[in-house]
Amino acid sequence: MRDPSTHPLIAREPALAMRDRAVLDFAGLLTNLTEPAHPIGSLEWDAGELGRHVLSLLRALPASFAGGEPAWPDLVDTATRNRRLLEAVAERRPAEIARAIVGEALPRARADFAAIPDPVTWHGGLPIPAGTAIAILAGDVRLHAIDLARSIGRPAPMTTDDARALQAASTVIMPHFVIRERARGITARVLLELRKTPDRYLFSIHDETIDAVLLDAADAPASDARIRAEPVAFVLSAFGRLPTWRAALTGSVVVSGRKPWLAARLPTMIQTPCARPS
């Protein structure tokens with residue numbers, strides 16, 4: 001058993017490569033639009049706001065990670081901070097935002113992110129490994145590329161490794177996002193296995209707290225519930241981009257064990273980072 005931050009896909013270099021691919025995919029999709037007010041499915045943000053959000057991330061996070069003021073000072077009122085960051089972006093039209101992302105923000109971020117310390121100062125002043133922070137950014141942008149692609153009828157696939165990295169990075173920060181009242185009075189262990197990968201996680205719920213470890217091949221812990229899932233479907237479901245019922249009906253996510261209902265309750269106990277914004 002080991003800390004999820006040791007997952008190889010969220011080491012600094014792999015995470016940086018995933019960030020670049022996600023950002024370039026997002027910018028490429030954005031160039032297909034002319035009107036910033038283009039709706040983005042069920043998001044409250046339109047295309048212009050979504051583009052400005054991604055641009056603001058690339059501009060704000062390097063200084064924040066290097067020890068400056070956290071881009072998000074706390075882990076609760078993220079909506080207010082999102083609005084302030086959007087207001088600071090002068091670019092408005094999708095093509096203009098895409099040019100700023102590719103021509104200015106991403107090149108600068110490549111240089112700045114290469115020099116950030118380890119650990120970094122994440123949202124709310126939380127210290128986390130640099131690779132984890134970069135992988136969370138990559139996952140956030142990848143999810144928004146999917147949001148944008150769906151709104152214009154274009155493909156924007158998430159690869160298995162994209163999903164594995166986002167799951168690993170999210171598991172690192174997950175204990176800080178537990179909705180305590182929903183975990184109150186529960187003691188249980190839930191095993192998550194991502195199909196056709198070596199990735200297995202054990203989530204331990206202890207009355208208002210949840211801890212998680214990444215399992216090694218030889219680990220065979222007892223659990224109350226077991227989730228066996230296709231990685232992309234599980235992550236898309238966890239982050240609100242795939243209905244849970246659809247993942248279950250297609251067999252992409254299967255639960256079992258002595259108390260299988262705990263597998264369904266576990267996500268309700270966690271406030272998911274990178275979930276759909278409001």
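**Exposed loops, helix packing and the nonpolar core**

At a relative accessibility of 89%, Lys196 counts as exposed. The model described here is a predicted one. Lys196 belongs to the loop that connects strand E3 (187–194) with strand E4 (200–206). Its phi is near 60°, which is a positive value in a residue other than glycine. A second residue with positive phi is Asp207, at about 40°, and Asp207 is not a glycine either. Asp207 sits in the loop between E4 and strand E5 (209–214). With 40% relative accessibility, Asp207 counts as partly exposed, because that category covers values between 20% and 50%. Most residues other than glycine have a negative phi, and most peptide bonds are trans. Pro119 is placed in the loop between H4 and strand E1 (120–121).

A further loop position is Ala218, located between E5 and strand E6 (225–229). Ala218 has a relative accessible area of 74% and is therefore exposed, since the limit for exposed residues is over 50%. The C-alpha atoms of Ala218 and Phe113 lie 36 Å apart in space, and the two residues are separated by 105 residues in sequence.

Helix H1 (residues 12–30) and helix H4 (residues 94–114) have axes 9 Å apart and pack at an angle of about 170°. H1 and H4 are therefore roughly antiparallel to each other, as angles over 145 degrees are counted in that class. On the H1 side, the contact is made by Arg12, Leu16, Arg19, Asp20, Val23, Leu24, Phe26, Ala27 and Leu30. On the H4 side, the contributing residues are Pro94, Ile97, Ala98, Ile101, Val102, Leu106, Ala109, Arg110, Phe113 and Ala114. By class, the residues of this contact divide into 15 nonpolar and four charged, with no polar ones.

Another helix pair is formed by helix H2 (residues 47–65) and helix H3 (residues 78–87), whose axes come within 9 Å and cross at roughly 90°. The residues involved comprise three nonpolar, three polar and three charged.

In soluble globular proteins, nonpolar side chains tend to be buried together. The largest nonpolar core of the model holds 95 residues, of which Phe26, Ile101, Phe113, Trp122, Met158, Phe203 and Ile210 touch the most other members. Helix H5 (residues 130–152) supplies the largest share of this core, with 13 residues. Among the residues of the H1 and H4 contact are Phe26, Ile101 and Phe113. For Ile210, when residues up to four places away in sequence are not counted, the residues touched are Met174, Pro175, Val178, Phe203, Ser204, Ile205, Leu266, Met269 and Ile270.

Helix H5 also contains Asp147. Asp147 is buried, its relative accessible area being 5%, because buried residues are those under 20%. The side chain of Asp147 is joined to that of His144 by a polar contact of 3.1 Å. Ile173, found in helix H6 (residues 160–173), likewise counts as buried, at 1% relative accessibility. Its C-alpha atom is separated by 9.4 Å from that of Ala133, although Ile173 and Ala133 are 40 residues apart along the chain.

Thr268 is placed in the segment after helix H10 (261–265). With a relative accessible area of 39%, Thr268 is partly exposed. A polar atom of the Thr268 side chain lies 2.5 Å from the backbone oxygen of Arg265. Beyond its neighbours within four places in sequence, Thr268 is in contact with Ile179 and Arg182. Thr268 and Val178 are 90 residues apart in sequence, while their C-alpha atoms are 9.1 Å apart in space. Val178 is also one of the residues touched by Ile210.

Technical notes. Residues are numbered from 1 along each chain as its sequence is written. This is a predicted model: local features need pLDDT of at least 70, side-chain atom pairs count only at pLDDT 80 or more; totals for chains, interfaces and linings use all residues. Side-chain values use heavy atoms; hydrogens and water are left out. A nonpolar core is a set of buried Ala, Val, Leu, Ile, Met, Phe, Trp, Tyr and Cys residues joined through side-chain atoms within 4.5 Å. Buried means under 20% relative accessible area, exposed over 50%, partly exposed in between (1.4 Å probe, protein chains only). Helices (H or I, at least four residues) and strands (E, at least two) are DSSP runs, numbered from the N terminus. Contact means heavy atoms within 4.5 Å. A polar contact is a pair of N or O atoms within 3.5 Å; within protein, one must be able to donate a hydrogen and the other to accept it, and residues adjacent in sequence count only if both atoms are side-chain atoms. Axes are lines fitted to C-alpha atoms, for helices over the stretch in contact, and angles run from 0 to 180 degrees between N-to-C directions. Ala, Val, Leu, Ile, Met, Phe, Trp, Tyr, Cys and Pro count as nonpolar, Asp, Glu, Lys and Arg as charged, and the others, Gly among them, as polar. Angles under 35 degrees count as roughly parallel, over 145 as roughly antiparallel, 65 to 115 as roughly perpendicular and the rest as oblique.
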